[in-house]
Amino acid sequence: RLKGYGQKEAIAEIEMELDNVRLAWERAIQMKRLDAIAQALEPLWNFYIYRDRLQEGESVFSHAVNALRSVETPSVGYGLLLALHGALHRRVERSTLAEQHMSEGVAMLTQLDASHELALANIWNSYGTSDEVIRRLRDCRAVFEAHSDRWGMTAACFNLAMSIETTGNWIEGRKYFSESLNLARTSGDSLGQAAALSGLGWNSYRLGKYPDSLNFFKESRQIYRQMSTPGGAASALRGMGTVSWLLKDYTAATEHFFEALDIYRRLGVRTGIAATLSGLGMIAWLSGNHDEGVKFAQESITLYRELDDPRQLSNVLVNLGHPLVSLGRFDEARPPFREAIAVSTQIGAIIPILEAMAGLAGIYGKTGRVEDALRLLAFAMANPRIDAETKGIVEHYMSGLKPTISPERMLAMMEEGRLLSMEQASKIALEDSTA
C-alpha cells in the first residue's frame with residue numbers, strides 16, 4: 001500500500017504505530033535477524049522519505065549499519081541496508097559517507113547476484129558521469145519490468161528523465177517523465193504522480209512552455225499538500241517561482257521562493273535552501289537589484305560547496321557571474337564563469353557551459369573582444385541542447401553588444417560561431433580571460 005492505492009492511509013498507519021515498528025526493528029537488529037530487517041527495510045525507508053523525516057531516518061539506519069557490521073557473511077538485506085543508508089546520507093548532505101555506503105551496498109548486492117535489490121539500490125545511485133548514471137538507470141528499469149515492479153519502474157523512469165536532462169536532451173527526458181506519470185497513475189502512487197508532475201513542470205519550463213509548466217507545478221503542489229509532504233510542496237513552489245520570473249511576474253516569483261525557503265529552513269534541507277537562494281538571486285538580477293543578486297548567489301554557492309554538489313554548484317556559479325557583469329565587476333565575474341565551464345565539462349552538463357559562455361561574451365563585448373563575444377553567443381544560440389531560459393540570457397547579452405565592426409564582419413563572426421565545436425568554443429571562452 002505504501003507504493004500504490006491507499007498510500008496516504010498506509011503512511012498514516014505507520015506514523016501511528018511508529019514506536020512499535022521501531023521496537024520490532026530494534027529487536028531484529030539485536031538478534032541479527034537479517035531476513036526480518038530486509039522485509040522491513042524498504043517500507044521504513046519510504047516512510048522517512050515520504051514524511052521528510054530524513055534526519056531521524058538517517059539516525060535509525062546508521063544505528064542498524066553499525067550494529068550489523070560484525071555479521072561477516074554477505075547478505076542481501078545488509079547490502080540493501082548499506083545502499084539505502086547511503087541514499088539517506090546523500091539526502092542529509094553527508095556526501096563522503098553516502099558514496100562509501102552506496103558503493104559497499106552495490107558491491108555486495110552485485111556479488112550476491114540480487115538483481116532486483118541491486119536495482120532498488122541503483123535507482124538512488126547518482127555517482128559517476130551522466131552517461132554512467134543513465135546506463136545504470138536503463139538497466140534498473142529493465143529489471144523492474146522483468147519483475148513486474150511498477151513502483152520501481154515509476155522511480156527508475158523519473159530518475160532516468162532527470163539524468164537525461166543533465167545532457168540537455170529535453171525531448172527524451174519528457175518521454176520518461178510522462179512514462180513515470182502514467183505508471184504512477186495506473187498504480188495509484190500519489191507521490192510518484194506528484195514527482196512526475198514536478199518533473200514535467202521543469203521540462204516544460206526548459207522547453208519554453210510556461211503555462212503548461214505552471215499548471216504541472218500547481219498540480220504537483222496540490223498532491224504534495226494532500227499527502228502532507230512539505231518538502232515536495234516546497235520543490236513545486238520553487239518551480240512556480242522560476243516560471244513566474246520568466247513570465248516577468250517578479251512579485252509572484254519572490255513570494256513563491258520565500259514560501260519555499262521557509263519550508264526548507266523548517267525542515268533543515270540545505271539542498272533546498274541553496275536552490276531557493278539561487279533562484280532569488282536570479283530574480284534580483286533580472287529585476288535590476290544586482291547587489292542583492294550577488295548576495296543571494298554567494299550564500300547559495302557557500303552551501304553547495306559544503307554539500308559537495310558539483311551539478312548544482314555549476315548552475316549557481318553562473319548566477320553569481322551575471323549580476324557581477326551588470327555591476328561592471330568583470331574581474332570578479334570571470335572566475336565563476338570559468339569554474340562553471342570546468343565543472344560542467346567534467347560532469348557532462350551542457351546548460352551551465354552555454355550560460356557561462358554567454359556571460360563571458362558579455363564581458364568580452366565590453367572589453368574590446370567583440371568578435372569573440374559574437375562567436376560565443378552564436379555558438380550558444382545554435383547549440384541544439386539550449387533551453388528557453390538560456391536563450392533568453394543569450395539574447396540579453398546580445399542586445400547589450402555595441403558592435404565596433406561592420407555588419408558584414410558581424411555576420412561572418414556569428415557564422416563562425418555557429419560552426420564551432422564545443423572544444424573550440426571553450427577555448428575562446430577561457431583563453432586570455434583577464435584581457
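This is a predicted model: local features need pLDDT of at least 70, side-chain atom pairs count only at pLDDT 80 or more; totals for chains, interfaces and linings use all residues.
## Overall fold

The protein chain contains 23 helices and zero strands. Its radius of gyration is 23 Å, close to the 22 Å that the globule rule gives for 435 residues, so the chain is as compact as a globular protein of that length. The C-alpha trace spans about 80 × 45 × 35 Å along its principal axes.

Contacts in the protein chain can also be sorted by sequence separation. Of those between residues at least 6 apart in sequence, 63% join residues at least 24 apart.

## Burial, surface and charge

Buried residues make up 57% of the 435 in the protein chain.

Charged side chains number 46 positive and 53 negative. The centres of these two sets lie 2 Å apart.

## Nonpolar cores

The largest nonpolar core has 75 residues. Within this core, the residues with the most contacts are Phe-337, Met-357, Ile-363, Leu-376 and Tyr-397. Helix H19 (residues 351-364) contributes the largest share of the core, 10 residues.

With neighbours within four places in sequence left aside, Tyr-397 is in contact with Trp-285, His-322, Val-325, Phe-337, Ala-358, Gly-359, Gly-362 and Leu-377. One of these partners, Phe-337, is also among the core residues with the most contacts.

Terms used: Residues are numbered from 1 along each chain as its sequence is written. Side-chain values use heavy atoms; hydrogens and water are left out. Helices (H or I, at least four residues) and strands (E, at least two) are DSSP runs, numbered from the N terminus. The radius of gyration is taken over C-alpha atoms; the globule rule is 2.2 Å times the number of residues to the power 0.38. Buried means under 20% relative accessible area, exposed over 50%, partly exposed in between (1.4 Å probe, protein chains only). Contact means heavy atoms within 4.5 Å. Lys and Arg count as positive and Asp and Glu as negative; His and the chain ends are not counted. The place of a charge is taken as NZ of Lys, CZ of Arg, CG of Asp or CD of Glu. A nonpolar core is a set of buried Ala, Val, Leu, Ile, Met, Phe, Trp, Tyr and Cys residues joined through side-chain atoms within 4.5 Å.
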